[in-house]
Amino acid sequence: MDFQVVILAGGFSSNLTPLISKEVPKALLPVANRPVLSYVLDLLESSNLNDLIVVVEGEDAALKVGGWISSACVDRLHVEVAAVAENVGTAGALRAIAHHLTAKDILIVSGDIVSDISPGAVAATHRRHDAVVTAMLCAEPVSGTSESGGAGGKDKTKKPACYDIIGLDSSKQFLLYIATGAEIKKDTRLKKSILCASGKMEIRSDLMDSHIYAFKRSVLQKVLDENPTFRCLKQDVLPYLVRTQLRSDVFSDEKAVEENGNGLGKNNTQNNDVVLSQILSNASLPTFHQVYEPGLDSRKTHKCCVYIADESKYCVRLNSIQAFMDVNRDSQEGLKYGKGSRTRKASPLRMLLYDDDVVERR
């Protein structure tokens, strides 16, 4: 496939103290008596992705991870371990190893994932759509137990984990909107241009960004170079690419569209709607990025795609002590990948937004 694979393995993560110590970096945390990194390596190997760069924060952590890899993966995989400074964030880690990245496309995988979802499917989706980024989404897991205040003890029902707000087109192939972290607590604002382009948008809160991404290398490096303050792929780079996928020059005057609501005139608005709808509806065509209007120069766009895993699949990130307990409990209970996976039972938010501002709840 000509993908370079980068595993972001972290270092001595403070949010997992006291599980992590100077002797046990995050990548070597045991899950069912195996380092969590071994699950990631097995997953990649099953997709025939064998040429890997493992990025570790801190030289001490890198030495320990490299020592384990050299003994566990001999003759199986070609793995290069790269040490970067601590606390640089996922975007900073990729900046630091930019000189190692030479392939057309880069597959980036978090090093703390236990999953049975094929990264190869993400790579194939990315290539099929010629996207600048493809994010893997899966069913939102639940985390921990909620304790009732009564004398009866603990309520064993699960509480949903922190969620993302995801906006998808009608084909569920294109990522039109994403809000994460602190953004969720703010009012949601959508550009009219993206609604005009897609016709309608489905807003969902039952999907999790699983931290497996495919990027077009040239675009990723340009974004990182031009935005030195970006620290996080999920919170900075991905939302930026989603926001800018339909450039302002697609409209003759996007500011006027936003201020006036209906654009510069009925004919112009209708023409723009037709052109932008063609952009998303003709995603499989090689001319997707070059959209022509009669009498005008070509308009430049880029595509942000998603691969949505089947709900029966299993995917958990070891990014908290509770998640560490959950995935080890799953293994002890004998839950197999794809069976008995922890999915949220509460009714998720699901809305359809149309370009005429009609909203339908499901």
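**Helix packing and burial in a predicted model**

Tyr240 lies in helix α7 (residues 233–243), where helices (H or I, at least four residues) and strands (E, at least two) are DSSP runs numbered from the N terminus. The model is predicted, so local features need pLDDT of at least 70 and side-chain atom pairs count only at pLDDT 80 or more, while totals for chains, interfaces and linings use all residues. Residues are numbered from 1 along each chain as its sequence is written, and side-chain values use heavy atoms, with hydrogens and water left out.

Tyr240 counts as buried because its relative accessibility is 18%; buried means under 20% relative accessible area, exposed over 50%, and partly exposed in between (1.4 Å probe, protein chains only). The C-alpha atoms of Tyr240 and Ile178 are separated by 9.7 Å, although the two residues are 62 residues apart along the chain.

The protein chain has 10 helices and 20 strands. Of its 362 residues, 50% count as buried. Among contacts (heavy atoms within 4.5 Å) with a separation of 6 or more, 72% are between residues 24 or more positions apart.

The axes of helix α1 (residues 36–46) and helix α2 (residues 59–72) come within 12 Å and cross at roughly 50°. Axes are lines fitted to C-alpha atoms, for helices over the stretch in contact, and angles run from 0 to 180 degrees between N-to-C directions. The angle makes α1 oblique to α2; under 35 degrees counts as roughly parallel, over 145 as roughly antiparallel, 65 to 115 as roughly perpendicular and the rest as oblique. Leu37, Ser38 and Leu41 of α1 make the contact with Val65, Trp68 and Ile69 of α2.
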